[in-house]
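Hi everyone, thanks for coming. I'd like to walk you through one model today, so please have a look at the sequence and the structure before I start.

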Amino acid sequence: MQSATLTPRVYWAQRHEDVYLRVELNDVQNPEINITGNTLHFHAHGHGAKGENLYAFHLEFVELVKPQPMYKVTERQVNITVKKQESRWWDRLTKQEKKPLFLAHDFDRWIDESDAEMELQTKEEEQINKVSIKSRIPKDSFRTLKLGYLFMYNLVQFLGFSWIFVNMTVRLFILGQDSFYDTFHTTADMMYFCQMLAVAEIVHALMGLTKTAVIPCLIQVFGRNFILLVVIGSLEEMQSKAVVFFIFYSWSMIEVFRYPYYMLVCIDTKWSLLTWIRYTIWIPLYPLGALAEAVAVVQSIPIFNETKTFSVKLPSPLNITLRFSYLLQVYMVLLFLGLFVNFRHLYRQRTKLFRPKKKKAY
């Protein structure tokens, strides 16, 4: 005589797109799970609350679902996932208002509607961020070649600035303040190489290799090269100033985090800690670097006036000398305007990337 069919204990939870069912049955064999007429049918032989037997149940959903359920059988239970036709939150699971006796909430997976919306929003934002990072490199037939080139460019810059940063740090610990005054003579060659190579970043932006904003990039590259080549490099008296140490140190400290971040972007990898540092360390270092550059300009003005380097004497009858220091005074204004432009640009990027998640009120 065949034993009567029993009803197993079923637990449920939902998200906007899915319904999750957990059937409490051990050692399930040959489960039959299908959806017809918006009703899920379950038949299986297993060990439940009333021992070894045939167990079955039927659930008619309150709203339309897709007719292909997915399920996974484990030693202790059967997990079923049902896709909703429309992404929305249900007030209840079954069409009948009275909940079946065998059905209960799965509190291991249960969340409120507001939490589900936050979870959905988080997934969407992660997808948007992933697409945003990918969008730095235009998709075309040469994408792999371009990514390889950009990866190598960022790697070379990272190694160059790392050498400068480590060299300066080691000398600072060994020599103390004495290392301030020979920074240029020990690191200038590498700094020249890295900063001249950085001109390529303007070309990258103009050609569309990256989606870097052209104006902030131009301001940074031009500003640094002006300080390096003109204010410091052209005056031997400036090369032994302590301010050179602070300029080079702030530049290299920023870049040892910026270039590895872009290297990971090229291989579609994201490291949260590095991302946070890359979009945070500039907050103190950009103003400090700009202040050090301004000090260097102020210190160079009397030297330019004395040596008349880059000054232009107009011919008779004017007989006027246009001192280069006049241009430096104009540059001082542009320096802080450029700092404002770049600071605002990076702040907007950081705010967009790390904006707080808004929790919906009940």
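Let me begin with a question: which residue in strand 8 does tryptophan 12 stand opposite? The residue facing tryptophan 12 there is histidine 105.

Before I go on, a word on what we are looking at. This is a predicted model, where local features need pLDDT of at least 70 and side-chain atom pairs count only at pLDDT 80 or more, while totals for chains, interfaces and linings use all residues. Residues are numbered from 1 along each chain as its sequence is written, and side-chain values use heavy atoms, with hydrogens and water left out.

When I say helix or strand, I mean DSSP runs numbered from the N terminus, with H or I over at least four residues for helices and E over at least two for strands. Two strands pair if DSSP finds at least two bridges between them.

So, back to strand 1, which covers residues 9-14. Strand 1 pairs with strand 8, residues 103-105, in the parallel sense over three bridges. With strand 2, residues 18-24, strand 1 pairs in the antiparallel sense over six bridges. Those two strands, 1 and 2, form a hairpin, with three residues between them. If you want a pair to find on screen, take tyrosine 11, whose bridge partner in strand 2 is arginine 22. Strand 1 is also mostly covered, with five of its six residues buried. Buried here is under 20% relative accessible area, exposed is over 50%, and partly exposed is in between, using a 1.4 Å probe and protein chains only.

Now to the cysteines. How many disulfides does a search of the whole structure find? The count is zero, taking a disulfide as a pair of cysteine sulfur atoms within 2.5 Å. Cysteine 217 is in no disulfide, and the nearest cysteine sulfur, in cysteine 266, is 15 Å away.

Next, two residues in helices. Alanine 205 sits in helix 4, residues 199-207, and counts as buried at 10% relative accessibility. Leaving aside residues up to four places away in sequence, alanine 205 touches Thr210, Thr212 and Val214, where contact means heavy atoms within 4.5 Å. Threonine 321 is another matter: alanine 205 is 116 residues from threonine 321 in sequence and 39 Å from it in space, C-alpha to C-alpha.

Threonine 275 belongs to helix 7, residues 272-278, and is buried, with a relative accessible area of 2%. With residues up to four places away in sequence again not counted, threonine 275 touches Tyr261, Lys270, Leu353 and Phe354.

On to the backbone. Most residues other than glycine have a negative phi. Aspartate 268, in the loop between helix 6 and helix 7, has a positive phi of about 55° although it is not a glycine. Aspartate 268 is partly exposed, at 43% relative accessibility. Lysine 308, in the loop between helix 8 and strand 9, also has a positive phi, near 60°. Lysine 308 is exposed, with a relative accessible area of 58%.

On a 1 Å grid over the protein atoms alone, a cavity is a set of points where a 1.4 Å probe fits but cannot get out, and a pocket is an open set with protein on both sides within 12 Å along at least five of seven lines; lining residues have an atom within 4 Å of a point. Points are joined across faces, edges and corners, and a volume is the space filled by probe spheres set on the points.

The second largest pocket holds about 430 Å³. Of the 21 residues lining that pocket, the closest to its centre are Ile219, Gln220, Gly223, Glu293 and Leu335. Helix 5, helix 6, helix 8 and helix 9 each supply at least two residues of its lining.

As for cavities, the whole structure has one of 30 Å³ or more. The elements giving two or more residues to the lining of the largest cavity are helix 5 and helix 6. That cavity has a volume of about 40 Å³, and its lining includes Gln220, Arg224 and Glu255.
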